Amino acid sequence: MWWIIIAVLLVIGLLCILRSRYECRTLTVTHYRIASPKVGSAFEGFRMAVLADLHENTFGERNSKLVEAIGREKPDIILIAGDMIIAKEWKQKDFSVLRDLLWQLRSFPVYYGNGNHEQRMEEEKQQYPGWEEEFRQILNRCGVHHLKNESVVIQRGNDRIRLSEIDIDKEYYLKGNPVEMEDGYLEKKLGPCPGTEFQILLAHSPLYLEQYEKWGADLTFSGHFHGGTIRLPGIGGVMSPQFQFFTKRDKGMLNIGRAHCIISGGLGTHTINVRLNNLPELLIVDLEAEPKAVGGNG
């Protein structure tokens, strides 16, 4: 009897491995619409393609399927929410996947925000000699706007939206129980949020959505949790890279206070190369100009 149980477990394990390999190479596109009275009429239908956590994964030769999917959606802008590379002590420097992808996307305005892997490469130069220099050269050659604790204003006619990026300190990426973020942390990093324009924030970790909203973000894009690695029907993701289990902020859209927060399930994996019931996703987000509220006559 025991050999039957072992055989069944081996078959299930093999099927899971084969399914995971299939999922890792199968791209999906997820659409969202975000309405706000702070979105001016010039930004009605403004389309953003959002990429996160590629981790050097490829969809077709030279990421042809990903590039084609982005092209079909005709975005006005491409936003990158971090971790397009793998920076680990066991990894050799190889930016070929990133270089090929960004070069093919150079006809679009691309704004790149760091994830913990880009930060690790930049902060631990002895461990990753020459990595940051080559990374920046690639971004410069491809015309990519690399944001690091800074903000830019995008203008159409008389209407504006504001795009910011936050690099949180590495203590906030420690595994296990999350470190509490100090009050005023985003103000120290980014300065105060004016609040006059529609505010988009690239913030790789979804653990601190409440702090992002408190700062003034109207729309936050995060990733990092890879959709929970394995997703169980009716439950959601099982585990994040920081060993948060069954968190509800691993994929999809959440409303925190008055803010919208969209968490990418990611495009790739690293170290634990598993995705089950968790297809990689490209995010397409359209802005909608919501009529401004008009006061009553009393």
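In this predicted model, R156 is partly exposed, with a relative accessibility of 29%. Its side chain meets that of D76 in a salt bridge, with an N to O distance of 2.9 Å. The pair links distant parts of the chain. R156 belongs to strand 6 (residues 150-156), whereas D76 sits in the loop between helix 2 (64-73) and strand 3 (77-80). The two residues are 80 residues apart. D76 also counts as partly exposed, at 28% relative accessibility.

A search of the whole structure finds 23 salt bridges. One of them joins K38 to D218, with the closest N and O atoms 2.9 Å apart. This pair, too, connects distant parts of the chain, 180 residues apart. K38 is placed in the loop between strand 1 (28-36) and strand 2 (47-51). D218 is placed in the loop between helix 7 (209-215) and strand 9 (219-222). K38 is partly exposed, at 27% relative accessible area. D218 counts as buried because its relative accessibility, 8%, falls under the 20% cut-off.

A further salt bridge is formed by the side chains of R47 and D286, at 2.7 Å from N to O. R47 lies in strand 2 and D286 in strand 14, so the pair ties together parts that are 239 residues apart in sequence. D286 counts as buried, with 8% relative accessibility. R156 and D76, described above, are each partly exposed. Salt bridges that share partners join R33, E44, R47, E73, D286 and E288 into one network.

Strand 14 (residues 281-289) also contains L287. L287 is buried, with a relative accessible area of 0%. Its contacts beyond the neighbours within four places in sequence are with R33, I34, V39, F43, E44, G45, F46, M48, I161, F198 and L219. The C-alpha atoms of L287 and A35 are separated by 5.9 Å. Along the chain, L287 and A35 are 252 residues apart.

Helix 5 (residues 131-141) has a buried side. Its buried residues are W131, E132, E134, F135, I138 and L139. These residues cover an arc of only 165° around the axis, which puts them on the same side of helix 5. They pack against helix 3 (96-104), strand 4 (110-113), helix 4 (116-123) and strand 5 (145-147). The face turned away from the buried side of helix 5 carries the exposed residues N140 and R141. Helix 5 is followed by G143, which has a positive phi, near 70°.

L232, I235, F243, F245 and F246 make a nonpolar surface patch of about 470 Å². I235 is partly exposed, with a relative accessible area of 42%.

Definitions and conventions. Residues numbered from 1 in each chain as written. Heavy atoms only, no water. Helix = DSSP H or I, 4+ residues; strand = E, 2+ residues; numbered from the N terminus. Buried < 20%, exposed > 50% of the residue type's maximum accessible area, 1.4 Å probe, protein only. Contact = heavy atoms within 4.5 Å. Patch = residues over 30% accessible without salt bridge, like charges linked within 9 Å, V, L, I, M, F, W, Y side chains within 5 Å. Areas by Shrake-Rupley, 256 points an atom, 1.4 Å probe, with all protein chains shown as cover. Salt bridge = Lys/Arg side-chain N within 4 Å of Asp/Glu carboxyl O. Arc of directions from axis to C-beta.
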